[in-house]
Each structure stands twice: as C-alpha cells, then as structure tokens.
Amino acid sequence: MSSDPLLQPFQLRGLNLRNRLMSTAHEPAYTEDGMPKKRYRLYHAEKAKGGIALTMIGGSSVVAPDSPQAFGNILLYKDECVPWLKELADDVHDKGAAVMIQITHLGRRTSWSKDDWLPVIAPSSVREPAHRAFPKAMEDWDFARVIAAYADGAERVRAAGLDGLEFECYGHLIDQFWSPATNKRRDEYGGSLDNRLRFGLAVFEAARRRVGPDFLLGARLVCDEDWERGLSREEGLTIARRLTGSGLIDFLNVIRGHIDTEEGLAHVIPGMGERSAPHLDFAGEVRALTRLPTFHAARIQDVATARHAIESGKLDMVGMTRAHLADPHIALKVAEGREAAIRPCVGMGYCIDSIYSGQAVCIHNPATGREETIPHIVPRSDGPKRKVVVVGAGPGGLEAARVAGERGCDVVVLEAAAKPGGQIVLAAALKRRREILGIVDWRMRECERLGVAFRFNAFAEADDVRALEPDVVVIATGGAPNVEFLDSGAEFAVTSWDLLSGAARPSGEVIVYDDNGAHPGLTAAEFVAECGAKLEIVTPERILAPDVGGTSFPPYFRAFSRADAKVTLNLRLESIARRGNRVVGLFHDEYGRRRVEKEADMIVVEHGALPVDDLYFELKPGSVNLGEVDYAALLKGRPQTLVNNASGGYRLFRIGDAVASRNIHAAVYDAIRLMKDI
Ligand SMILES: Cc1cc2nc3c(=O)[nH]c(=O)nc-3n(C[C@H](O)[C@H](O)[C@H](O)COP(=O)(O)O)c2cc1C
Ligand code: SF4
C-alpha cells in the first residue's frame, strides 16, 4: 500500500473514505428543472472514476421555496429529487467514492423575483450587496416552517442513500443569525451569542432527530468572518467548540471570511495570483481546538500543498474543488505516479463566474460538465494513422494537437512565433496572471509525451501545409488586434497587444479604451496602472467589463483603486488624432447626443481581434469539406464526415479566434469537439 499521506483512508464514524481527497460543495448549475439529472450525475461520477474519496454535491441545495435558486441550485424541497439523488449516489458508489450533499436556506442571498416570487427572508432587513434582495425580517411563523423544511430536506437525503450532508453556514440563513452584521434583532434570536445561535441549533437538532444518530451531519462553518462588522474569530471558534461533543455535528468544513460582497467572496474563494492555501493554518487551528474531523478547501490547487495539509495534521480531508473541475482524475494520477499529467487549475475563476450566466465550465477543460459528449480521456483511434497539420500554437492549436496526438495521429504544429501560447503569453505579462501559462505548459508537456512535432518561427504558407500531405488541417492562427472600427486615426492607437508585448511603454496620462468587456481590456488597464502611469479607463458599456465575473474582477479593481484610476462609462471611441506629441480621442456620448474629446499621452485600444484567416481561405478550395463544419454532428458529439469536394486532399477546420474573437474556452472546446473522433 502507498505511504502517500494523501492516499491513506479516513474513517469518518461508520464511513470509510478511500483517501483524503474531496471536492467540496459547489453548485455547477447543471440542474434541469432544479433536479440533478444525467449531466449532474455524470459530472460527479467522473470524479469517482478518477479516484476521489468524497464528492459533496449540490452546493447550496435549497430546502424551501422562499429560498429560490440563486445559481441553478438543487430544489431539495421537492420530493421528486429523491430518485435523481439516488441514481447519482448509486453511480458514485459503484465507482468507489462516497457522496454527500450540502443543504441550505439561502436567506437573503438570493432573489425575490424568481420562481414563486416569495419574499426573501433574513434575521433582519439588511440587504446583501451581492444578490441585492431587500429581505423581510423573519417573523414567528417563519421559524417553525424553515426548521421543519431543513429536517424534511435531511430526510430526503437519507432516503436517497447518500452518505451524509452538511449544512451551509457561511453567508446563508443559519449564520446570518450568527453574524452581528446581519442580525439586528432584539428578541430571543438576537443580541447575545446564545440568542444568535438559537435558530441554527434548532435546525441541527430537528435534522438530527429526523435522520437519527448514525447519519452523518456536518457543518460548513464560518469560524471567523474576518470583518470588523462580522462574526469575530473568538465567537466563531466558540461556535465550533460548542458543536464538539454536542452529538449534532460529525464533521466541520472550515471557512474563513464573508461572502456578502464580491470582494469578500474573492478572499474566501481566492483565484489566480493569490497566495496558495491562505486559510489552511486557520483550519488547522480549528481542528486542534475542536478535535472534530476537519475538511477545508481554499486554493489548495496542487498536490504538494494538499499532501502537506494532511501530513501536517491540519486537515482530515482536503478539498481540491476547482482542481477537480480542471482534472477529475487527480487521485488516480497520484496513485499511478503521474502527477505531472494532472491538468492544473490555474485559478482563473471562469467556473464559478459562469454559474451566474450559464453553467460552470472550466476555462481549459471543455469535458467538465459535458461528460456525455466530450471525453476526459480521449481514446486512441483504431482507424488508420492520420497526418494532422495544426497551424498556430495558441490554446486552440495546442488542444487540437494534444487531442490528435491522443488519437494516435502523426501531428505537426507550425507556429510563426518563437514560442507557444499566443494571446495567453500576452495575458501573462501581468505578473499577477502569470499562472495562466499553466494552460500552455500542461499542453506542451502532454504534446511532448504524445510525440507531437513543433516548428517554431515557421510562418506557414499554403504550399508549406500542402507539402506535408496532411489528412487534416487545423487553422488556429488566432487574430490580430482590431482597430478597424475607428473612423480615422487607427495609426495613433496603441493596442493592448503592443502594451502587453512590451512594444509600447505607458507613461504620463494613459487612456485605456475597453470595448471588449472581458479580461483583455482590464489586463491592459492593470498593466498601465502597475507601470505608474495615470490611468483613465473609458468604456461604451454601462458597467465596466460586463464579461468579467464576480470572483475575477476584484483584483483588477484593487489595482485601479491603488492607482486612483478614473473610470468613464458610456463613451464610444470614434477616432484618434495627434495633437503635438499627445493624442486626442474623439468619443460619442449616445445618451447626451454629444461628442467628447479626451487628450492623453497614449490611448490604448482593446476591441477584440480580427481573425487571421488568409491561410484558411487559401486552403479551403482544396479541402474535402470546403471548411464546412456539420453543426448537427458537432452538437451530438459525432464525427465530421461532410464531403463537399470529393477531389479535396484534406479535411479543413478553423478554430478559436481564427474564426471570430472569443476566449480560451471557446478555442479549446472548438478543438476537442472537432478532433476527438479523427
Ligand atoms: C462553481 C462553483 C460553485 C460553488 N458553489 C458553492 C456552494 O454552493 N456552496 C459552497 O459551500 N461553496 C461553493 N463553492 C466553493 C467551493 O466549495 C470551494 O470552497 C472553493 O471553490 C474553494 O476551494 P478550491 O480552491 O479547492 O476550489 C463553489 C465553487 C465553485 C467553483
Ligand atoms: S476555470 Fe480556472 S479556476 Fe475554474 S477549474 Fe478551470 S482553471 Fe480552475
């Protein structure tokens, strides 16, 4: 048996966990009609297949209709969820892992204008800035029904055959009572800590009574809100200690921080550029104090840190939650001595940010949440060995090369630059975002293992590609900065690429014009701020960077605040002119129906990229499919078999920004969808 601390089993009362790796609760918004159906099940079953010991499903599964979905949560208050949960639990169990669920009443952390349009409740009428509902202060008849709803939810979980559940007690209803920031009551539920604890303890007691002494109940517990208005460390630790030996709670899952604002949440779920495992020592203190089995997750994204967390006795179970979104097979790879093959979580936060606009997707693992159509392990083809030429070594091109390599193809990548990465290299110019290079490095390692050949400094012409006699050509040539939207003066614009590549150095007064709305504009702006220039960000949008999600924008805004940057909304750049050794931007204010001039030393423009597609169009007439993608087949996960030109010599695909300005996820998803069956 392995001596790796991470691979040692853990006995949680009657439950044997096969190792120390877990995925903590996170709602991926994969529910359909509020139920954890096939997509949800396959997602968790994949982690079980990958060797994880425990998967905690259903982030914030809601126990009552006045806690409507905030982000696709499981509707645990409906009896119909039981068979779905059972099917999921059976599948996960069959693959050797344990499965629990997190249950909650969101309290004020949701919206009244959803589902049943019931008023949102909270201990007091204090609005949560993040979800923005004005709640009703709970009245007498709310207490009994919500406590009963928790117990009903717990009973459904037990009936479905899960191994246990945890109560969500950070930022949700139970701890909204604990926190002085949200509990302003003057009755027996407010004031002293005993009073503030009354509701939560009543919930735990009711659930325990309903499920009996043997069913595992835990609490994901805030033990310090780290906030002058909030629950102090002292009171948080007192709560944790009181639960020890109470018979109510079998394990703790430690949280530090508060999540009522996006800045607060970004510290509880730290992303790219933040220090590794910032709350691990604190979780270790809680474990030492309570002697309860202790779980914890917060940016423990690599195996070495996870191993340290167990070996040093700080945790019993280590949460690697986003790490499993990036690679669900971590335990298996550790057990097989293939740690270097683990696809790294680079902390981009795209997964959590996307649950508010759609479903959780990992920025660089397109198979996550799409297990039904996209494989995590691409099988080797049993057909003839194909020759694949990929032009471009950005994320899309590298993914195409990797997947073709997994299929057993003979793969050549032609890249005009001296090194791989494309626009990722530009993003990494901002030191804080350097970790993004993990997306490139992992693919380069995998390509090396698979024998993919690379030719750098190779600007490919059509004849170069044809000379290689390919069966499949993938055009992943990316884009070039778009300044064509300007009526005049494009030559005076500095692009965000010029800036991040070091071709232009910002100084004096710099305007960053962001008409992209995603990371590139904010990255350019932070880069300017870090260089010490006086920064003004101008955007035609009504908010800054609408496509940068809740956990990702806080570090940018911290930098803008440090630099005392100015933000101007609702101005659309039309042209740039030179004035002496300065530049002048002419903007249109559509609401005020006026033109606005702004003078600066530099105007940096970010307006996405225009596709670099000449090579694609040159190669198109000679291809079998004339470049066409069969969308019906693509969406069903079937192979591409269109023949539009029987005399064509190769199948031709164009992916990523070479099609249109998009992002890393779009590029790698394009790539694997088209290449997984060749
Ligand atoms: C998509 C997503 C949704 C999440 N939803 C929840 C949730 O509903 N309840 C919860 O307690 N934590 C939630 N989390 C937080 C995770 O459980 C975990 O604490 C966080 O991702 C930090 O751990 P990590 O660095 O290992 O990812 C969510 C995380 C992600 C990525
Ligand atoms: S999107 Fe980013 S943070 Fe989320 S799992 Fe993928 S790499 Fe990690």
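Is Asp 613 buried or exposed? Select this residue to begin the tour of the model, which is predicted. Asp 613 has a relative accessibility of 17% and therefore counts as buried, the limit being under 20%. Its position is the loop that runs between strand 26 (609-611) and helix 20 (614-619). Display the neighbours next: leaving aside residues up to four places away in sequence, Asp 613 touches Arg 654 and Ala 658.

**Leu 634**

Move to helix 21 (residues 631-636), where Leu 634 is placed. Leu 634 is another buried residue, because its relative accessibility is 12% and the limit is under 20%. With residues up to four places away in sequence set aside, the contacts of Leu 634 are Val 629, Gln 640, Arg 673 and Leu 674. Thr 373 and Leu 634 are 261 residues apart along the chain, yet their C-alpha atoms are separated by 9.5 Å.

**Ligand 1**

Select ligand 1 and the residues around it, which number 21. Those that come nearest are Ala 25, Ser 60, Tyr 170, Arg 299 and Arg 322.

- Tyr 170 places a side-chain N or O atom 2.7 Å from an oxygen atom of ligand 1.
- Arg 299 approaches through its backbone, with an N or O atom 2.6 Å from an oxygen atom of ligand 1.
- Arg 322 has an N or O atom of its side chain 2.7 Å from an oxygen atom of ligand 1.

**Ligand 2**

Keep Arg 322 in view and select ligand 2, whose surrounding residues include Arg 322. Also among them are Leu 325, Ala 326, Cys 345, Val 346, Gly 347, Met 348, Gly 349, Tyr 350, Cys 351, Cys 362 and Ile 363. Which elements give two or more residues to the shell around ligand 2? They are helix 10 and helix 12. Helix 10 gives the most, with three residues. By class, the shell around ligand 2 holds nine nonpolar residues, two polar residues and one charged residue.

**Aromatic pairs**

Finally, show the aromatic rings. The model contains 18 aromatic pairs. Select Trp 112 and Trp 117, an edge-to-face pair with 5.6 Å from centre to centre and 70 degrees between the planes. Trp 112 is partly exposed, its relative accessible area being 39%, whereas Trp 117 counts as exposed at 56% relative accessibility.

Next, select Phe 177 and Phe 199. Their ring centres are 4.8 Å apart and their planes lie at 35 degrees, so this pair is tilted. The pair links distant parts of the chain, 22 residues apart, with Phe 177 in helix 4 (residues 173-178) and Phe 199 in helix 5 (residues 193-211). Both Phe 177 and Phe 199 are buried.

Notes: Residues are numbered from 1 along each chain as its sequence is written. Chains are lettered from A and ligands numbered from 1 in the order in which they are written. This is a predicted model: local features need pLDDT of at least 70, side-chain atom pairs count only at pLDDT 80 or more; totals for chains, interfaces and linings use all residues. Side-chain values use heavy atoms; hydrogens and water are left out. A residue is near a molecule or strand if one of its heavy atoms lies within 4 Å of it. A polar contact is a pair of N or O atoms within 3.5 Å; within protein, one must be able to donate a hydrogen and the other to accept it, and residues adjacent in sequence count only if both atoms are side-chain atoms. Helices (H or I, at least four residues) and strands (E, at least two) are DSSP runs, numbered from the N terminus. Buried means under 20% relative accessible area, exposed over 50%, partly exposed in between (1.4 Å probe, protein chains only). Contact means heavy atoms within 4.5 Å. Rings of Phe, Tyr and Trp (its six-membered ring) pair if their centres lie within 6.5 Å; planes under 30 degrees apart count as stacked, over 60 as edge-to-face and the rest as tilted. Ala, Val, Leu, Ile, Met, Phe, Trp, Tyr, Cys and Pro count as nonpolar, Asp, Glu, Lys and Arg as charged, and the others, Gly among them, as polar.
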